[in-house]
Amino acid sequence: MPRHGQLYLRDQVPPRSTGYDQGRYGRLFPGLRPFARDTAAVRESLMELGKPGGIMDAQDPPPPANPLTPNPNNRDNPNQTAGFTFLGQFLDHDMTFDPTSSLERQIDPEAVKNFRTPALELDSLYGAGHGANPHLYDQTSPGGSKFLIDEAAPKDLPRNSQGVALIGDPRNDENLIVSQLHLAFLKFHNAVVDRVRADGTQNADEAFDEAQRLVRWHYQWMILHEFLPSTVGQGLVDDILRMGRRFYKWRNEPFIPVEFSVAAYRFGHSQIRPGYIANFAGDNGRSFLKHLFDAASDHSVADPDDLSGGKRAPRRFCDWQTFFDVGPTPEGSQDLGVSPKPNKRIDTNSPARCSRCHSSRRTCRAIPSPWPSATCCATSPLSYPPANAWRRQWAFRSLVGRSWPSCGRSTSIRRHRSGTTS
Ligand code: HEM
């Protein structure tokens with residue numbers, strides 16, 4: 001039960017002053033002028049950019065087509081397996097949470113509260129700790145030191161009588177795969193508690209603290225040694241570790257820049273494939289292969305025909321072998337003889353055809369783009385941002401403060417503002 005003095009995670013302290021930064025979003029570049037003025041024409045261009053069938057749409061065949069149908073816009077990423085998309089989503093939910101988030105809303109970022117601590121310490125898993133959030137924890141374990149797992153449904157997140165997942169962040173039940181990843185972390189923590197206790201730490205609070213520390217360390221190791229190098233490249237990771245950050249500064253405590261949460265870190269949305277094989281024999285002996293989301297599927301039923309989250313049914317679980325390289329099959333387990341599927345590239349070239357003039361982006365020159373390799377017909381005032389390679393370099397480098405990419409960004413912006421074409 002909640003106890004006084006236990007409203008915060010053990011290693012968190014409440015804000016010190018009203019000028020405190022933590023808990024809010026902020027800006028990485030507060031002095032940077034907008035890329036374009038907010039006009040009806042610019043909004044129309046942005047709608048054009050993001051519309052179904054537009055240049056940002058990978059144009060995957062909709063259900064009932066097989067979601068694994070090859071699509072040249074979904075090229076493979078040789079450095080990552082399919083599960084990294086959901087690891088990236090899980091990381092996001094650990095760092096940022098703006099429940100008021102809407103691209104339509106005009107908000108001063110400094111007034112928007114971040115409901116997540118801007119650190120990779122798994123508050124999305126632990127909530128406010130076993131004292132303040134007892135519903136997340138197994139009250140039959142010593143001192144409530146383990147997470148609640150539903151013994152009647154150990155392959156699903158624990159849920160209340162209405163099916164709502166009892167987890168630290170509701171977004172981790174947003175699709176089946178991220179919910180299974182969350183469950184894997186719950187079980188990992190519990191296994192570490194057992195290990196810590198077996199190693200001699202009998203005091204329940206100490207066992208919890210030690211287990212939490214070890215879980216976080218493993219998680220952070222994974223991010224530093226696997227997620228980041230395969231996302232931004234080992235060179236950039238090494239560079240930051242050696243040279244530190246250049247642009248991202250804070251006064252009292254770290255905050256989440258909107259440039260990160262609303263733009264850069266959403267790169268992961270481009271990695272989502274239309275569908276996945278969740279498991280190999282769970283669907284009445286067949287593999288559970290579905291679209292991630294099928295708008296035509298009835299989501300009010302107990303077992304929708306896609307991989308959306310929030311539901312409990314026998315086939316709704318993950319075999320991880322196609323999502324991650326889990327190594328050799330452990331002794332005593334069945335070898336399914338499957339290998340991990342590659343992730344989708346972040347920096348696929350933008351779609352081959354301009355959505356307006358339907359000519360190849362590289363040949364169409366109605367309005368040249370300020371970026372060298374991404375000329376496209378844009379009868380709208382905004383030239384389209386180019387290949388994801390630019391996005392990837394610019395986004396991450398601006399966060400970490402290394403040199404600008406070679407596209408000559410400041411020149412592009414100037415040219416853009418003055419409306420010149422070349
Ligand atoms: C896998 C399926 C995913 C789905 C269905 C999904 C869906 C969403 C939705 C609906 C939002 C809120 C929309 C809004 O605020 O405008 C959102 C926000 C966001 N997503 Fe995803 N997402 C997914 C994966 C990812 C991945 C892989 C990443 C990054 C690697 C990511 C990064 C973000 C970020 C940074 C936000 C803003 C969060 C905030 O500040 O509150 N997402 N996502």
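Visitor: How many helices and strands does the protein have?

Guide: Please keep in mind that this is a predicted model. Of the 422 residues in the protein, 32% are buried, and among contacts between residues at least 6 apart in sequence, 62% join residues at least 24 apart. The secondary structure of the protein amounts to 10 helices and eight strands.

Visitor: Are helix H2 and helix H5 roughly parallel or roughly perpendicular to each other?

Guide: Helix H2, residues 84-95, and helix H5, residues 176-198, have axes 9 Å apart and pack at an angle of about 70 degrees, and H2 passes H5 in a right-handed crossing. Angles of 65 to 115 degrees count as roughly perpendicular. The two helices, H2 and H5, are therefore roughly perpendicular.

Visitor: In the contact of H2 with H5, how do the residues divide into nonpolar, polar and charged?

Guide: On the H2 side the residues are Phe-86, Leu-87, Gln-89 and Phe-90, and they meet Ile-177, Val-178, Leu-181 and His-182 in H5. Sorted by side chain, the residues of this contact between H2 and H5 come to six nonpolar, two polar and no charged.

Visitor: Which residue in the turn of the hairpin formed by E6 and E7 has a positive phi?

Guide: Strand E6, residues 275-283, and strand E7, residues 286-291, run antiparallel and are joined by five bridges, with Asp-283 standing opposite Arg-286 in E7. The hairpin leaves two residues between the strands. Most residues other than glycine have a negative phi. The turn residue with a positive phi, of about 55 degrees, is Asn-284.

Visitor: Is Asn-284 buried or exposed?

Guide: Asn-284 lies in the loop between E6 and E7, and 8 other C-beta atoms are within 10 Å of this residue. A residue with 12 or fewer such neighbours counts as exposed. On that count, Asn-284 is exposed.

Visitor: How is Gln-59 classed, buried, partly exposed or exposed?

Guide: Gln-59 is placed in the loop between H1 and E2 and, although not a glycine, has a positive phi of about 60 degrees. With 17 other C-beta atoms within 10 Å, Gln-59 is partly exposed.

Visitor: What is the omega of the peptide bond from Pro-63 to Pro-64?

Guide: Pro-64 belongs to the loop between helix H1 (40-50) and strand E2 (76-81). Most peptide bonds are trans. The bond from Pro-63 to Pro-64 is cis, with omega near 10 degrees.

Visitor: What distance separates the C-alpha atoms of Trp-250 and Leu-28?

Guide: Trp-250 sits in the loop between H7 and strand E5 (256-257), and counts as exposed because it has 12 C-beta neighbours inside 10 Å. Along the chain Trp-250 and Leu-28 are 222 residues apart, yet the separation of their C-alpha atoms is 9.3 Å.

Definitions and conventions
Residues are numbered from 1 along each chain as its sequence is written. This is a predicted model: local features need pLDDT of at least 70, side-chain atom pairs count only at pLDDT 80 or more; totals for chains, interfaces and linings use all residues. Helices (H or I, at least four residues) and strands (E, at least two) are DSSP runs, numbered from the N terminus. A residue is buried if 20 or more other C-beta atoms lie within 10 Å of its own, exposed if 12 or fewer, and partly exposed in between; C-beta atoms are placed from the backbone. Two residues are in contact if their C-beta atoms, placed from the backbone, lie within 7 Å. Two strands pair if DSSP finds at least two bridges between them. Axes are lines fitted to C-alpha atoms, for helices over the stretch in contact, and angles run from 0 to 180 degrees between N-to-C directions. Angles under 35 degrees count as roughly parallel, over 145 as roughly antiparallel, 65 to 115 as roughly perpendicular and the rest as oblique. A crossing is left-handed if the near helix is turned anticlockwise from the far one by less than a right angle, and right-handed if clockwise. Ala, Val, Leu, Ile, Met, Phe, Trp, Tyr, Cys and Pro count as nonpolar, Asp, Glu, Lys and Arg as charged, and the others, Gly among them, as polar.
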